[in-house]
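Subject: Structure handover

Dear colleague,

Please read the notes with the structure open beside them.

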Amino acid sequence: MAERTLVLIKPDAMVKHLAGNIITDLYTLNLKMIALKLSKVSRELAEMHYSEHKGKPFFEDLIKHLTGELHNNEKVIAIVYEGENAVQKVRDAIGKTNPDECIPWTIRGKYGKINTKTNCHETVIHASDSPENAKREIDLWFDKDEIVE
Ligand code: CDP
Ligand code: MG
(Lines give C-alpha, C1' and ligand atoms only; values in the text may rest on other atoms or scores of the structure.)
(Ligands and ions follow the chains in the order given, each with its own letter.)
Protein backbone atom coordinates (compact mmCIF):
# COMPACT_ATOMS: atom_id res chain seq x y z
CA MET A 1 0.00 0.00 0.00
CA ALA A 2 1.29 3.48 -0.86
CA GLU A 3 2.01 5.79 2.07
CA ARG A 4 -0.89 7.74 3.54
CA THR A 5 -1.08 10.95 5.56
CA LEU A 6 -3.80 12.87 7.38
CA VAL A 7 -4.32 16.58 6.75
CA LEU A 8 -6.61 18.78 8.84
CA ILE A 9 -7.55 22.26 7.65
CA LYS A 10 -7.99 23.86 11.06
CA PRO A 11 -10.65 26.35 12.25
CA ASP A 12 -8.26 29.35 11.94
CA ALA A 13 -7.92 28.57 8.22
CA MET A 14 -11.67 27.99 7.84
CA VAL A 15 -12.55 31.32 9.43
CA LYS A 16 -10.14 33.04 7.00
CA HIS A 17 -11.72 31.22 3.98
CA LEU A 18 -8.41 29.54 3.16
CA ALA A 19 -9.56 25.96 2.54
CA GLY A 20 -9.46 26.39 -1.25
CA ASN A 21 -6.01 27.99 -1.23
CA ILE A 22 -4.60 25.23 0.97
CA ILE A 23 -6.07 22.42 -1.15
CA THR A 24 -4.74 24.14 -4.28
CA ASP A 25 -1.24 24.29 -2.74
CA LEU A 26 -1.45 20.59 -1.83
CA TYR A 27 -2.42 19.65 -5.42
CA THR A 28 1.12 20.62 -6.51
CA LEU A 29 2.43 17.61 -4.55
CA ASN A 30 0.68 15.27 -6.98
CA LEU A 31 -0.71 12.99 -4.25
CA LYS A 32 -4.01 11.16 -4.51
CA MET A 33 -6.90 12.42 -2.37
CA ILE A 34 -8.64 9.29 -1.05
CA ALA A 35 -10.94 10.73 1.66
CA LEU A 36 -12.37 14.11 2.60
CA LYS A 37 -14.98 15.33 5.05
CA LEU A 38 -16.16 18.32 7.04
CA SER A 39 -16.10 17.62 10.76
CA LYS A 40 -17.41 19.41 13.86
CA VAL A 41 -14.68 18.36 16.24
CA SER A 42 -15.65 17.19 19.72
CA ARG A 43 -13.39 17.84 22.69
CA GLU A 44 -12.96 14.08 23.00
CA LEU A 45 -11.69 13.71 19.41
CA ALA A 46 -9.39 16.74 19.78
CA GLU A 47 -7.87 15.32 22.98
CA MET A 48 -7.32 11.92 21.36
CA HIS A 49 -5.78 13.50 18.26
CA TYR A 50 -3.34 15.60 20.32
CA SER A 51 -2.81 13.11 23.19
CA GLU A 52 1.00 13.43 22.80
CA HIS A 53 0.74 17.07 23.93
CA LYS A 54 -1.34 16.45 27.10
CA GLY A 55 0.16 18.34 30.05
CA LYS A 56 2.02 20.92 27.94
CA PRO A 57 1.33 24.62 28.64
CA PHE A 58 -0.36 25.15 25.26
CA PHE A 59 -2.58 22.03 25.48
CA GLU A 60 -5.81 23.72 26.63
CA ASP A 61 -5.64 26.38 23.89
CA LEU A 62 -4.71 23.72 21.35
CA ILE A 63 -7.88 21.77 22.17
CA LYS A 64 -10.03 24.93 22.07
CA HIS A 65 -8.40 25.74 18.73
CA LEU A 66 -9.16 22.38 17.10
CA THR A 67 -12.75 22.29 18.40
CA GLY A 68 -13.33 25.74 16.92
CA GLU A 69 -13.95 27.39 20.27
CA LEU A 70 -11.36 30.09 19.49
CA HIS A 71 -12.64 30.65 15.93
CA ASN A 72 -16.41 31.15 15.80
CA ASN A 73 -17.08 27.41 16.28
CA GLU A 74 -15.73 26.71 12.81
CA LYS A 75 -15.39 23.13 11.64
CA VAL A 76 -12.39 21.25 10.28
CA ILE A 77 -11.82 19.69 6.84
CA ALA A 78 -10.09 16.31 7.19
CA ILE A 79 -8.35 14.83 4.15
CA VAL A 80 -6.37 11.64 3.53
CA TYR A 81 -3.68 11.81 0.84
CA GLU A 82 -1.89 8.79 -0.56
CA GLY A 83 1.32 8.51 -2.56
CA GLU A 84 5.04 7.95 -2.45
CA ASN A 85 6.63 9.69 0.53
CA ALA A 86 3.27 11.38 1.27
CA VAL A 87 4.06 12.15 4.94
CA GLN A 88 7.32 14.00 4.28
CA LYS A 89 6.06 15.70 1.12
CA VAL A 90 3.15 17.29 3.00
CA ARG A 91 5.29 18.19 6.02
CA ASP A 92 7.76 19.96 3.71
CA ALA A 93 4.92 21.86 2.03
CA ILE A 94 3.38 23.08 5.30
CA GLY A 95 6.61 24.36 6.95
CA LYS A 96 7.70 24.48 10.58
CA THR A 97 5.43 24.53 13.65
CA ASN A 98 6.27 28.15 14.46
CA PRO A 99 4.80 30.29 11.63
CA ASP A 100 7.44 32.97 12.30
CA GLU A 101 10.20 30.49 11.46
CA CYS A 102 8.67 29.14 8.24
CA ILE A 103 10.01 29.62 4.75
CA PRO A 104 7.62 32.34 3.47
CA TRP A 105 6.13 30.32 0.59
CA THR A 106 5.18 27.29 2.71
CA ILE A 107 1.51 26.98 3.73
CA ARG A 108 2.17 28.04 7.32
CA GLY A 109 4.63 30.70 6.11
CA LYS A 110 1.88 32.23 4.00
CA TYR A 111 -1.14 31.83 6.25
CA GLY A 112 -0.04 31.02 9.82
CA LYS A 113 0.39 33.46 12.70
CA ILE A 114 1.10 33.58 16.40
CA ASN A 115 -1.88 34.93 18.28
CA THR A 116 -0.46 37.69 20.45
CA LYS A 117 -3.26 37.36 23.03
CA THR A 118 -3.04 33.60 23.64
CA ASN A 119 0.47 32.92 22.22
CA CYS A 120 -1.25 30.03 20.38
CA HIS A 121 0.52 29.03 17.15
CA GLU A 122 -2.32 29.37 14.64
CA THR A 123 -0.80 26.97 12.14
CA VAL A 124 -3.84 26.63 9.79
CA ILE A 125 -3.09 22.99 8.97
CA HIS A 126 -2.18 19.72 10.65
CA ALA A 127 -0.27 16.98 8.85
CA SER A 128 0.88 13.64 10.25
CA ASP A 129 4.57 13.58 11.19
CA SER A 130 5.30 9.86 10.58
CA PRO A 131 3.66 6.93 8.76
CA GLU A 132 2.86 5.33 12.16
CA ASN A 133 1.11 8.46 13.44
CA ALA A 134 -0.65 8.81 10.08
CA LYS A 135 -2.19 5.36 10.50
CA ARG A 136 -3.33 6.11 14.07
CA GLU A 137 -4.78 9.48 13.04
CA ILE A 138 -6.55 8.19 9.91
CA ASP A 139 -8.18 5.44 12.02
CA LEU A 140 -9.28 8.13 14.50
CA TRP A 141 -10.82 10.48 11.92
CA PHE A 142 -12.23 8.12 9.27
CA ASP A 143 -14.28 4.94 9.15
CA LYS A 144 -12.90 2.35 6.74
CA ASP A 145 -15.81 2.84 4.32
CA GLU A 146 -15.10 6.58 4.05
CA ILE A 147 -11.77 5.90 2.30
CA VAL A 148 -12.36 5.93 -1.46
CA GLU A 149 -9.61 3.96 -3.20
O1 CDP B 1 1.61 20.84 14.10
P2 CDP B 1 3.02 20.31 14.28
O3 CDP B 1 3.10 18.80 14.17
O4 CDP B 1 4.01 21.02 13.40
O5 CDP B 1 3.47 20.72 15.75
P6 CDP B 1 3.23 20.02 17.17
O7 CDP B 1 4.47 20.19 17.96
O8 CDP B 1 2.69 18.63 16.99
O9 CDP B 1 2.12 20.94 17.83
C10 CDP B 1 0.75 20.77 17.51
C11 CDP B 1 0.08 22.13 17.44
O12 CDP B 1 0.17 22.74 18.73
C13 CDP B 1 0.71 23.15 16.50
O14 CDP B 1 0.30 23.00 15.15
C15 CDP B 1 0.22 24.45 17.09
O16 CDP B 1 -1.11 24.71 16.68
C17 CDP B 1 0.21 24.16 18.60
N18 CDP B 1 1.41 24.67 19.30
C19 CDP B 1 1.33 25.87 19.99
O20 CDP B 1 0.28 26.52 19.98
N21 CDP B 1 2.42 26.36 20.65
C22 CDP B 1 3.58 25.68 20.66
N23 CDP B 1 4.63 26.17 21.34
C24 CDP B 1 3.67 24.46 19.97
C25 CDP B 1 2.57 23.98 19.29
MG1 MG C 1 2.41 17.29 15.41
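In what follows, Ala, Val, Leu, Ile, Met, Phe, Trp, Tyr, Cys and Pro count as nonpolar, Asp, Glu, Lys and Arg as charged, and the others, Gly among them, as polar. This is a predicted model, in which local features need pLDDT of at least 70 and side-chain atom pairs count only at pLDDT 80 or more, while totals for chains, interfaces and linings use all residues. Residues are numbered from 1 along each chain as its sequence is written, chains are lettered from A and ligands numbered from 1 in the order in which they are written, and side-chain values use heavy atoms, with hydrogens and water left out.

By these classes, the shell around ligand 1 holds four nonpolar, four polar and three charged residues. Those around the ligand (a heavy atom within 4 Å of it) include Lys 10, Tyr 50, His 53, Arg 91 and Thr 97. As for polar contacts (pairs of N or O atoms within 3.5 Å), an oxygen atom of ligand 1 lies 2.6 Å from an N or O atom in the side chain of Thr 97, with a distance of 2.9 Å for Arg 91 and 3.2 Å for Lys 10. Of the 500 Å² of accessible area that ligand 1 has on its own, the protein covers 84% (Shrake-Rupley method, 1.4 Å probe).

The space taken by ligand 1 is the largest pocket (more than half of the ligand's atoms lie within 2 Å of its grid points). About 440 Å³ of space lies in this pocket, and of its 19 lining residues, Tyr 50, His 53, Phe 58, Leu 62 and Thr 97 are the closest to its centre. The lining has five nonpolar, seven polar and seven charged residues.

The second largest pocket has a volume of about 270 Å³, and among its 14 lining residues the closest to the centre are Met 1, Arg 4, Lys 135, Ile 138 and Asp 139. Its lining has seven nonpolar, no polar and seven charged residues.

Best regards

Note on methods: A polar contact is a pair of N or O atoms within 3.5 Å; within protein, one must be able to donate a hydrogen and the other to accept it, and residues adjacent in sequence count only if both atoms are side-chain atoms. On a 1 Å grid over the protein atoms alone, a cavity is a set of points where a 1.4 Å probe fits but cannot get out, and a pocket is an open set with protein on both sides within 12 Å along at least five of seven lines; lining residues have an atom within 4 Å of a point. Grid points are joined across faces, edges and corners, and a volume is the space filled by probe spheres set on the points.
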